[in-house]
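This short report is written for a reader meeting the model below for the first time. Please keep the sequence and the 3D view at hand while reading.

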Amino acid sequence: MSIVSVNPANNQTIREYEPLHKEAAMDAIEKAHKAFGAWRKTSFDERKRCLLKFAKLLREDADEFARTITLDMGKRISESKYEIDYCADIAEFYANGAEEFLADQPMERVDANAYLHLEPIGVLMGVMPWNFPFYQVVRFATPNIMAGNTVMVKHASNVPQCAAAIEELFEECGLPDGVYQNLFIPSEFVDPIVADSRVQGVSLTGSEPAGRAVAASAGKNLKRSVLELGGNDPFIVLDDADMDLVLEQAVKGRMVNAGQSCVASKRFIVLKSVADTFVDGLRKQFQELKMGDPMDEETTLAPLSTEDAAKKLLVQVQSSIDAGAKVILGGDRPDRDGAFFNPTILTEVTPDMPTFDQELFGPVATVYIVPDEQAAIELANDSSYGLGGSVYTRDVERGRRVAEQIETGMMFLNQPTNSQAELPFGGIKNSGYGRELSHLGILEFVNKKLIHLGEKETS
């Protein structure tokens, strides 16, 4: 079957790509393996020149790359432009910082002349999602390329134009053939690729079922893996919060990428004393969202990524409604072309409902009303996920105390979960393991080799 780009704003096919046969996919491993032999020996300066040019090319043609994102998966054009700019930031961060991050590390407090020498491990496989089709690839590929590894990527099947554009960018920036390869392959090819002895690690960002499958394959074949999976981020509103700020950040946190973000705010846990104000304000702000063409700068609510995604979300929402959840707003789809979903607010969602511990990927907010701070903490932790979260209070120390008790990989005060090149990104529990971005992101797929040169000389 061909790999197809469909514009979710109107469900019209844009372009089709032929997938690789299995033999061609396996040939790509050999190309990456051969490229690694030379690439690992290149200097940081040479790698840096390539990555800085990659960033420069991104910025120079940012509008066209943003347009490609929006056509492939429906993101609002302003968000697509931001994504491209952020990718350039990440590439520059690793280009400029890799040599420092990977410098030899002396072993202190031992009676030996010893140090850690950080070196690349080889060919890596990346399985990437559609929701941030440039960013997800760039945050995986750039640190590992700077570390001296070679990279192959199986991108999501609904963003093939983005996948092809990224590969062309890496070629244009001067990377040798085989250092970065895009593989138009079906999912069933991933397992034999991971199993191949020339492949040393795999990174997946995506759904929990996909993560389980890749982790099983990696474990069975003794390969390193990094997983960034789903999230069900709590947005905790304490009774002393600035409600104007809370409502502004609630819309921002939930509606980023039309709600299709692993770290989007999804569970709004609000103390009872401020719940009425919050629910009424959120409803009014959701009602003001302007649904429309994601290419139009005036649009504030874009379609979902595919028609299937919109259908799945409707089933999830309806299952909670059927089980007794109260609909404050929306709960259905609009009567128009495209993969659109109405802004939705649900309350009275209980643990026995199917969606209580499911990730709702779209413009749906579930609001939970709790009596006090301790109840908010307990509810926030009552989830199989543990990616990010946020807490809202005027008291920084109170916010710190609550944040430290939430079982997630990331917590933010008075702002929704977000990412920066300089800060580590990742989760715990069913949200995966490992860290991307920051100096930690470049350390996941390197050999931390001990070099022991003998006992320390004493004077």
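What volume does the second largest pocket have? The second largest pocket has a volume of about 720 Å³, a volume being the space filled by probe spheres set on grid points that are joined across faces, edges and corners.

## Basis of the description

This is a predicted model, in which local features need pLDDT of at least 70 and side-chain atom pairs count only at pLDDT 80 or more, while totals for chains, interfaces and linings use all residues. Residues are numbered from 1 along each chain as its sequence is written, and side-chain values use heavy atoms, with hydrogens and water left out.

## Pockets

A pocket is found on a 1 Å grid over the protein atoms alone, as an open set of points where a 1.4 Å probe fits, with protein on both sides within 12 Å along at least five of seven lines, and its lining residues have an atom within 4 Å of a point. The second largest pocket is lined by 30 residues, with Glu79, Tyr82, Phe132, Val256 and Asn418 nearest its centre. Helices α4, α5 and α9 (243–255) each give at least two residues to this lining; helices (H or I, at least four residues) and strands (E, at least two) are DSSP runs, numbered from the N terminus.

The largest pocket has a volume of about 1,200 Å³, and among its 48 lining residues Trp130, Ala156, Gly206, Ser207 and Ala210 are the closest to its centre. Helix α8 gives the most to this lining, with six residues.

## Nonpolar cores

The largest nonpolar core has 68 residues, and Leu58, Phe134, Ile145, Phe170, Leu175, Tyr180 and Ile442 have the most contacts inside it. Such a core is a set of buried Ala, Val, Leu, Ile, Met, Phe, Trp, Tyr and Cys residues joined through side-chain atoms within 4.5 Å, where buried means under 20% relative accessible area (1.4 Å probe, protein chains only). The largest share of this core, 12 residues, comes from α4.

Leu175 touches Trp39, Cys50, Ile145, Phe170 and Tyr180, leaving aside residues up to four places away in sequence; contact means heavy atoms within 4.5 Å. A second, separate core of 55 residues includes Ala250, Leu282, Ala365 and Leu379.

## A strand pair

Strand β9 (residues 224–228) is mostly covered, since four of its five residues are buried. Strands β8 and β9 pair in the parallel sense over five bridges, pairing being assigned if DSSP finds at least two bridges between two strands, and Thr205 stands opposite Glu228 in β9.

Key: Buried means under 20% relative accessible area, exposed over 50%, partly exposed in between (1.4 Å probe, protein chains only).
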